[in-house]
Each structure stands twice: as structure tokens, then as C-alpha cells.
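Here are my notes for your read-through. Please keep the structure open beside them and check each point as you go.

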Amino acid sequence: MKMTKVVPFAMSALLLGGAIGAPTASANEGEATVINAETSEQQVQPIFIKVTGTVENVEVRENATYYTVVDGDNTNIVIANKDSLVFDNMGKEAKLQKGNKVSAYSYAKKPMLAIYPPQYNPEVIIVETEEMGSVEVDFFNKDLVDTENNLKLNVGEDTKLASASGKAVKVDDLKEQHLVVFYTIATMSIPAQTPPSKVIVLDTIEKEEPVEVDPVPTPEPAPVDSAVQEIINKDFYEVDGTKMVPLRLIAEKLGFKVEVTPKGAIVSKGALSYTITRGQKEYGYNKALRQFKVAPALLESGKTYVPVEFVEELTK
């Protein structure tokens with residue numbers, strides 16, 4: 001991660017949305033940087049959220065088991081029940097237990113509780129083993145290519161086909177579906193091509209039908225409070241090309257309550273609630289899940305910084 005403290009030499013206001021930001025000079029490079037929000041690429045939310053780490057605690061409850069999964073400073077809760085899909089990285093059914101290294105894949109548009117640590121009820125959980133097996137969980141198009149054009153499936157007679165619902169599956173049933181793909185070899189091409197050993201159709205995920213709507217004009221960004229604008233102008237870092245501003249200072253200026261958590265904060269006002277976790281791009285918005293372009297970070301002692309675009313979110 002590239003991070004520089006940035007000293008502004010122009011005090012013109014930053015207009016959130018489609019505007020050109022004020023030129024800034026890098027404190028350790030001495031070069032001017034112009035940030036143009038109009039040309040920046042929008043972060044595309046992934047189809048599945050992947051949580052990785054080691055199972056450090058297991059809590060059995062009445063209808064489900066809660067697994068505490070830790071990866072460095074990140075802690076997440078993975079919830080599984082008797083119907084959860086749990087496999088090792090070779091595609092064999094597995095049983096979760098303390099000490100397992102796991103990867104859990106949750107559908108990104110599934111509602112989430114605004115709670116810390118984050119809780120996930122994943123579509124599939126993979127127990128990583130020493131064997132050389134790879135897993136891809138994604139949406140595959142009619143040509144059986146994933147969303148990032150990284151992997152193409154060449155399904156053969158030896159490929160085992162299954163579905164989350166237990167229905168029988170044919171090759172044509174894999175097209176334009178969310179899939180769990182197990183494979184061991186792939187070509188050195190773009191996209192890489194593989195003869196998968198096993199494919200599971202996640203047919204329990206409801207497919208979204210396109211909805212036609214009349215175009216509406218884009219609303220103008222809400223004006224930024226002068227005190228908030230002063231914080232934006234004076235107190236910020238640049239991380240991987242994104243302007244980062246102090247969360248607590250700005251949120252409290254906008255009338256939000258900020259409750260500090262071990263890894264971030266819960267920002268709330270009225271019916272609105274945001275759960276921010278340092279080092280994690282995903283953040284909770286009420287019961288939904290959204291994503292930052294750059295993960296929040298503790299860039300100064302006791303101060304969590306978030307992308308400046310989050311100010312627009314707070315002023316809606």
C-alpha cells in the first residue's frame with residue numbers, strides 16, 4: 001500500500017462528485033498530484049465476499065455454529081448450519097473444526113447485520129489443505145468464463161456436476177450461473193482454461209431480473225459544511241491514489257455518534273448506522289453491505305482515516 005501525508009498548497013474546496021480536486025504536493029516526493037474524481041474508475045463490488053483465516057473459536061448454538069475466523073488483525077464470524085456447503089480445496093466434503101484454515105464465500109448482495117465483528121452466513125466454506133487444489137467461486141457467463149475474464153471452464157466427462165439444491169445438473173445448466181469450481185491445473189493464457197474436477201451450481205441464490213426504469217437526472221452533491229471542508233483541506237493522507245480523511249472528526253461535525261470498536265467504529269444517527277473496520281474494504285450500512293475503494297486505516301495514533309467519498313455518503 002502506497003501512503004503519503006499530503007500537504008495542500010491550494011485551499012480551494014474539494015467538491016465531492018464529478019469535480020477536479022485541488023492540486024496537492026507530496027510531502028516525501030515533492031511532486032504535485034492532481035486528483036480528478038471525474039476520471040477515477042468506480043470500484044465494482046465483487047459478486048462474492050471472501051473471508052479467509054484460521055478458525056480460533058467454535059461456539060455451538062441451537063440452530064447454527066459460530067466460527068471465529070482470524071487473519072492477522074481481522075476477525076470475522078462465519079455461521080454454518082447442517083445445510084451449509086463445506087468442502088476441502090479438492091472438492092471433498094469436510095467438517096469444520098478449530099485450527100482449520102478456511103475461505104468462506106458469501107453472496108455480496110445478501111443483507112448483513114451492522115455488528116462487530118462482522119458476521120457472514122456464506123454460500124460455501126472451503127477448508128484449505130496441503131493438497132494442490134484450487135477453488136473459484138464466481139458468476140460464469142454463457143461461455144463459462146468468470147466475471148474478471150480470469151478463468152474459462154472446459155467441462156469434460158470426468159467433471160463431477162452438482163447443485164446446492166440437490167437437483168441433477170447438466171453442462172448447459174452451468175451457463176450464466178453462480179458456480180463453485182474445483183480444479184488442479186490451468187493453462188497459461190488469458191483467460192486461463194481448466195478442466196475442472198468438480199462444479200457446484202449455487203442455484204439457491206435468487207437471480208436478479210433486469211428492471212427497466214425511466215432515466216432520472218443525477219442529483220447535485222449536497223453542500224459540505226464549512227467546518228468539515230476545513231478538515232478535508234488540512235487533515236488528509238493520500239493512499240494508493242485515494243484521499244483519506246479522519247472519520248471521527250468529520251462524522252461528529254455532521255452530527256453522528258461515533259462508538260469506537262477494537263478495529264474501527266460504529267457511526268450512527270437516527271435510523272442510519274455504519275460499521276467501519278480498519279483494514280477491511282467492506283463496511284456495514286444498516287443491514288446491507290457496501291465497499292470502500294481503499295480500506296480504512298489507522299494512519300495517525302487514535303485516528304481512523306476513510307476515503308473522502310464517504311463524506312458524501314454521510315451528507316446524503
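This is a predicted model: local features need pLDDT of at least 70, side-chain atom pairs count only at pLDDT 80 or more; totals for chains, interfaces and linings use all residues.

1. Now look to β11. This strand pairs with β14 (residues 177-183), also in the antiparallel sense, over 7 bridges. Phe140 has Gln177 of β14 as its bridge partner, and Glu136 stands opposite Val181 in β14.

2. Step back to the whole sheet. It is open and has 4 strands, in the order β11-β14-β16-β13, with mixed pairing. Neighbouring strands are turned by 20° against each other on average, direction ignored.

3. Is β14 mostly covered or mostly open? It is mostly covered, with 7 of its 7 residues buried. In a regular strand, side chains alternate between the two faces of the sheet. Check that here: Gln177, Leu179, Val181 and Tyr183 point one way from β14, while His178, Val180 and Phe182 point the other way.

4. Next, the nonpolar cores. The largest has 23 residues, and Val245, Ile250, Tyr274, Ile276 and Phe310 touch the most other members. Several elements supply at least two residues each, among them α1 (226-234), α2 (247-253) and α3 (309-314). Ile250 is worth a click. Beyond its neighbours within four places in sequence, Ile250 contacts Val228, Ile231, Ile232, Val245 and Val311. A second, separate core has 17 residues, including Val55, Tyr67, Val86 and Leu96.

5. Turn to the charges. The count is 12 salt bridges. One of them joins Asp73 and Lys263, whose closest N and O atoms are 4.0 Å apart. Asp73 sits in the loop between β5 (65-71) and β6 (74-80), and Lys263 in the loop between β19 (257-261) and β20, so the pair ties together parts 190 residues apart in sequence. Asp73 is exposed, at 59% relative accessibility. Lys263 is partly exposed, at 24%.

6. Glu252 and Arg248 form a salt bridge, with 3.1 Å between the closest N and O atoms. Both lie in helix α2, 4 residues apart, which is about one turn of the helix. Glu252 is partly exposed at 40%, and Arg248 is partly exposed at 40%. Elsewhere, salt bridges with shared partners join Asp235, Glu300 and Lys303 into one network.

Note on methods. Residues are numbered from 1 along each chain as its sequence is written. Side-chain values use heavy atoms; hydrogens and water are left out. Two strands pair if DSSP finds at least two bridges between them. Axes are lines fitted to C-alpha atoms, for helices over the stretch in contact, and angles run from 0 to 180 degrees between N-to-C directions. Buried means under 20% relative accessible area, exposed over 50%, partly exposed in between (1.4 Å probe, protein chains only). A nonpolar core is a set of buried Ala, Val, Leu, Ile, Met, Phe, Trp, Tyr and Cys residues joined through side-chain atoms within 4.5 Å. Contact means heavy atoms within 4.5 Å. A salt bridge is a side-chain nitrogen of Lys or Arg within 4 Å of a carboxyl oxygen of Asp or Glu.
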